[in-house]
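The report below is meant for someone meeting this structure for the first time.

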Amino acid sequence: MPGRGRRVILWRHGQTAWNLERRFQGSTDIELTQTGVGQARRAARLLASLKPDAIVASDLKRASATAAELSALTGLNVTHDEGLRETYAGVWQGLTHEEIIARYGDEYSAWKRGEPVRRGGGELETEVADRAAPIVVRHADKLPEDGTLVVVSHGGTIRTTIGRLLGLESQHWESLGGLSNCCWSVLGEGARGWRLLEHNAGTLPEPVLGDDD
């Protein structure tokens with residue numbers, strides 16, 4: 001019900017080795033680096049101060065480990081959902097940014113122009129939003145008045161989910177910049193639906209290292 005003052009914090013996982021290598025992760029299950037664990041612990045302290053009511057996370061290791069840091073501080077259980085995984089990108093997964101451009105340059109350019117592209121033969125961005133956005137809404141609907149939900153996921157999945165919840169046409173989702181590791185965006189519920197209150201918050205500006213850069 002609009003106007004209840006609910007908030008949704010969409011939090012990207014910490015750093016992985018593949019982020020540093022600019023290697024496309026997609027649904028590959030890559031663990032956090034020690035730096036990534038430190039990022040998650042620092043961010044968790046900030047997010048815990050917002051007194052979240054619930055945590056839901058992708059079941060991939062990099063997201064579940066990030067969520068575990070917030071769970072440890074808040075005592076909240078984490079609900080894991082594979083529907084919050086990063087975009088499956090087929091043959092792109094495991095390739096570096098440079099290798100993708102060299103081998104699939106036309107496909108990459110079309111994606112960046114906002115065209116519907118099955119990167120590497122994988123999912124469309126709209127299909128990612130189709131699976132992820134309803135999960136966020138379902139958990140947000142369970143919040144108390146003025147409640148806060150933390151969603152721990154991945155850069156591309158968060159961007160498409162924000163675009164869907166804001167009602168933006170899919171070709172404009174690229175206008176939402178990517179999230180740096182362990183940064184987050186905040187959606188607040190207003191009289192006419194969800195509004196973007198903060199984007200890529202959490203630190204001084206850092207490079208966006210990942211599938212969504």
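## Cysteines and the basis of the model

A search of the whole structure finds zero disulfides, a disulfide being counted where a pair of cysteine sulfur atoms lies within 2.5 Å. The sulfur of C182 has its closest cysteine sulfur in C183, at 7.6 Å, which is too far for a bond. C182 is buried, with a relative accessibility of 4%, and C183 is likewise buried at 1%; here buried means under 20% relative accessible area, exposed means over 50%, and partly exposed lies in between, as found with a 1.4 Å probe on protein chains only.

The model is predicted, so local features need a pLDDT of at least 70 and side-chain atom pairs count only at pLDDT 80 or more, whereas totals for chains, interfaces and linings use all residues. Residues are numbered from 1 along each chain as its sequence is written, and side-chain values use heavy atoms, with hydrogens and water left out.

## The sheet

Six strands form an open sheet of mixed pairing, in the order β3-β2-β4-β1-β5-β6. Strands (E, at least two residues) and helices (H or I, at least four residues) are DSSP runs numbered from the N terminus, and two strands pair if DSSP finds at least two bridges between them. The edges are held by β3 (78–80) and β6 (193–201), and because each has a single partner strand, one side of each is left without a neighbour in the sheet. On average, neighbouring strands of this sheet are turned by 20° against each other, with direction ignored.

Strand β4 (residues 148–153) pairs with β2 (residues 54–57) in the parallel sense over four bridges; along this pairing A54 stands opposite L149, and A57 has V152 as its bridge partner. Strand β4 also runs parallel to β1, to which it is joined by six bridges, with R7 standing opposite T148. Six of the six residues of β4 are buried: T148, V150 and V152 point one way from the strand, while L149, V151 and S153 point the other way.

Contact is taken to mean heavy atoms within 4.5 Å, and the angles, which run from 0 to 180 degrees between N-to-C directions, come from axes that are lines fitted to C-alpha atoms, for helices over the stretch in contact. Helix α3 (residues 61–74) lies across β1, β2, β3 and β4, and runs at about 165° to β2.

## Charged pairs

The whole structure holds 16 salt bridges, each defined as a side-chain nitrogen of Lys or Arg within 4 Å of a carboxyl oxygen of Asp or Glu. One of them joins R23 and E21, with 2.9 Å from N to O; R23 is partly exposed at 23% relative accessible area, and E21 is partly exposed at 40%. In another, the closest N and O atoms of E31 and K61 are 3.7 Å apart. This pair links distant parts of the chain, since E31 sits in the loop between α1 (17–20) and α2, and K61 sits in helix α3, 30 residues apart. E31 is exposed, with a relative accessible area of 52%, whereas K61 is partly exposed at 38%.

The salt bridge between E125 and R119, at 3.8 Å from N to O, involves two buried residues, for E125 has a relative accessible area of 14% and R119 has a relative accessibility of 3%. E125 and R119 also belong to a network of salt bridges that links them with K112, R159 and E174.

## Aromatic rings

Four aromatic pairs are found in a search of the whole structure. Rings of Phe, Tyr and Trp (its six-membered ring) pair if their centres lie within 6.5 Å, and planes under 30 degrees apart count as stacked, over 60 as edge-to-face and the rest as tilted. Y108 and W111 make an edge-to-face pair, 5.6 Å centre to centre and with 75° between the planes. Both residues lie in helix α4 (residues 97–112), three residues apart, or about one turn of the helix, and both Y108 and W111 are buried. Ring pairs also bring F24 and W92 together with Y108 and W111 in a cluster.
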